[in-house]
Amino acid sequence: NETVSKNFIENIIDKDLAEGVYDTVHTRFPPEPNGYLHIGHAKSILLNYGLAQEYNGKFNMRFDDTNPTKEKSEFVESIKADIKWLGADWEDRLFFASDYFGQMYEAAIKLIKKGKAYVCDLTADEIRQYRGTLTEPGKESPYRNRSVEENLQLFEEMKEGKYADGEKVLRAKIDMASPNMNMRDPVIYRVAHMTHHRTGDTWCIYPMYDFAHPIEDAIEGITHSICTLEFEDHRPLYDWVVRELEYPHPPKQIEFAKLYLTNVVTGKRYIKKLVEDGIVDGWDDPRLVSIAALRRRGFTPESIKMFVDLCGVSKANSSVDYAMLEYCIREDLKLKRPRMMAVMDPIKLVIDNYPEGQVEYLDAPNNMENEALGTRKIPFSGELYIERDDFMIDPPRKYKRLFVGTEVRLMNAYFVTCTGYEADDDGTVRVVHCTYDPATKGGNAPDGRKVKGTIHWVEATNAKEATVRLYENIVDEEKGVYNKEDGSLNVNPNSLTTVTAYVEPALMEAKGYDSFQFVRNGFYCADIHDSKEGAPVFNRIVSLKSSFRL
Ligand code: ATP
Ligand code: MG
Ligand code: MG
């Protein structure tokens, strides 16, 4: 679409292609398999995949599994499932950075031979002290001028397992006086006697991220290596690595701002704590924003793509309102899902002039705004359930629903006129009475008279009970996300409310991930874990009401 202006990354790519810097576009998504993906990762996935699509290029899926401490195979599978679900297709280009350990080792040897890397015996603390500060240059390591031969031998011995963790490291020999701290002889290989989830005990030396990542990109022929802003001042090191290793078509790092959602928790350690404390029922609890949680809640890939597109791509950090994500799912489901009737907080409505014991079946459109979804039959009789708040004894002036003396429309059915009610001594209404006008079948009066309100209902003898879960933010927005004293989360004690609703019988067929609009209320999705055959549990995805405006 020509009228949509391009983002700054597209502008860089256009320029690169025009100037012949690259003749193709090749992107990648490189997660560490150390946790579940969240909405922020979705932005990166869709951005990288989208650019490959837009420029007829390629998109790689790569597990950046060079750090054996935190990585687990379990996460590899969940990450793959999430990316597939989002629709980013890596075809046959699934890679593991750990498959390049041999090439990374060779790359280190190459640097040593060029006099661009050395084995250093300083401890981690000493290295930190020697590095200096922003205002003061660093001090050279006493091991900096070891000969190439000695370095080759010591690095070989590191690999052979002769040294304990931390005893020796390999450092790039760059510039201890650089204003960029990352260039002050960064560590590029360390000794770590650890079992890797894929390479087992083959290696006891592992490359550092800043060394490994550009090599991974170069090996795969990546052109535009897109990462988040915190890597901006690592870019000189990225460029140094690909230059010194003399790759013929070096990749280029481009940074963009992370996606943040206001008052929403994405940090792994906070979510881990919520899971451990039993406050949520796992990493995919519908109140979280992991991709698995959003899927379970009933979000669609389309809604997430819409959201990410609306957020745009920028260099400036900002935070987006969760309401925008809700807007996107409402927009996506509005025409796609059937609109069913469910009563959350029921009271009985008795139609006193309806034939005793009779049940009829009325035609109802599945979606008034989308005829393609067809119609269904819904039972109707003289005893219905309606929402408690659709009736009032003493209504305020603008109240358009039921009170004694008014006529309203029962959605898809008839006009009814309220004639009275029965209440307990404490004023709790038990039953509302009315009469119906048989001539208004389908919801319109032949004489053209109008009603102000339309309410939903379910027929009492056919209604089914269903468990419905209503959600609020898991964090207490009033208090702020984090506790000022100890940095812990301020948890909202009311983030989950479970109610038993009366629903129309057709809803009992719902299977996990099936979603619906419950008219006048919200969008709901059958829970994939807790729904049983014939007994779905519905999670509220989002309510219909919103003050959010685009
Ligand atoms: P987290 O700590 O939240 O898991 P991460 O940076 O450790 O995030 P990685 O697995 O290293 O996650 O990231 C994979 C890719 O996703 C990286 O390219 C990273 O820049 C990107 N990414 C991570 N978080 C966000 C975010 N909030 N917005 C956009 N991209 C993100
Ligand atoms: Mg991560
Ligand atoms: Mg990371």
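Tyr 513 is partly exposed, with 14 other C-beta atoms within 10 Å. In this predicted model, Tyr 513 belongs to the loop between β24 (496-503) and β25 (515-518). Its phi is near 80°, a positive value in a residue other than glycine. Most residues other than glycine have a negative phi.

Glu 246 also has a positive phi, near 60°, and is likewise a residue other than glycine. Glu 246 is located in the loop between α8 (235-244) and β9 (252-256). With 10 other C-beta atoms within 10 Å, Glu 246 is exposed, because a residue counts as exposed if 12 or fewer such atoms lie within that distance.

## Helix α5 and the residue after it

Helix α5 spans residues 124-131 and is hardly covered. Among its eight residues, the count of buried residues is zero. Just after α5, Gly 132 takes a positive phi of about 80°.

## The surroundings of ligand 1

Ligand 1 is surrounded by 14 residues. The closest of these are Pro 31, Gly 40, Ser 44, Thr 228 and Lys 258. The largest share, four residues, comes from α2.

By class, the shell around ligand 1 consists of four nonpolar, six polar and four charged residues.

## Helix α4 and its two partners

Helix α4 (residues 101-113) packs with helix α7 (residues 209-220) at an angle of about 115°, their axes being 10 Å apart. The two helices are therefore roughly perpendicular to each other, and α4 passes α7 in a right-handed crossing. On the α4 side the contact involves Gln 103, Met 104 and Ala 107, which meet Ala 212, Ile 215 and Ile 219 in α7. Five of the residues in this contact are nonpolar and one is polar, with no charged residue.

The axes of α4 and helix α6 (residues 148-160) come within 9 Å and cross at roughly 160°. This angle makes α4 roughly antiparallel to α6, and the crossing is right-handed. From α4, the residues Tyr 105, Ala 108, Ile 109, Ile 112 and Lys 113 take part, meeting Val 148, Asn 151, Leu 152, Phe 155 and Lys 159 in α6. The contact of α4 with α6 has seven nonpolar, one polar and two charged residues.

## Helices α11 and α12

Helix α11 (residues 301-311) packs with helix α12 (residues 322-334) at an angle of about 135°, and their axes are 8 Å apart. At this angle α11 is oblique to α12. The crossing of α11 and α12 is right-handed.

In α11, the residues that form the contact are Glu 302, Ser 303, Met 306, Phe 307 and Leu 310. Their counterparts in α12 are Met 324, Leu 325, Cys 328, Ile 329, Glu 331 and Asp 332. The residues of this contact divide into seven nonpolar, one polar and three charged.

## Ala 292 in helix α10

Ala 292 is part of helix α10 (residues 291-297). With 22 other C-beta atoms within 10 Å, Ala 292 is buried, because the limit for a buried residue is 20 or more such atoms.

Apart from its neighbours within four places in sequence, Ala 292 is in contact with Tyr 36, Ser 78, Asp 82, Trp 283 and Asp 284. Ala 292 and Val 537 are 245 residues apart along the chain, and their C-alpha atoms are separated by 18 Å.

## Asn 7 before helix α1

Asn 7 lies in the segment before α1 (8-18). Asn 7 is partly exposed, with 16 other C-beta atoms within 10 Å.

When its neighbours within four places in sequence are left aside, Asn 7 is in contact with Gly 312 and Val 313. Asn 7 and Ala 460 stand 453 residues apart in sequence and 55 Å apart in space, C-alpha to C-alpha.

Definitions and conventions. Residues are numbered from 1 along each chain as its sequence is written. Chains are lettered from A and ligands numbered from 1 in the order in which they are written. This is a predicted model: local features need pLDDT of at least 70, side-chain atom pairs count only at pLDDT 80 or more; totals for chains, interfaces and linings use all residues. A residue is near a molecule or strand if its C-beta atom, placed from the backbone, lies within 6 Å of it. Ala, Val, Leu, Ile, Met, Phe, Trp, Tyr, Cys and Pro count as nonpolar, Asp, Glu, Lys and Arg as charged, and the others, Gly among them, as polar. Axes are lines fitted to C-alpha atoms, for helices over the stretch in contact, and angles run from 0 to 180 degrees between N-to-C directions. Angles under 35 degrees count as roughly parallel, over 145 as roughly antiparallel, 65 to 115 as roughly perpendicular and the rest as oblique. A crossing is left-handed if the near helix is turned anticlockwise from the far one by less than a right angle, and right-handed if clockwise. Two residues are in contact if their C-beta atoms, placed from the backbone, lie within 7 Å.
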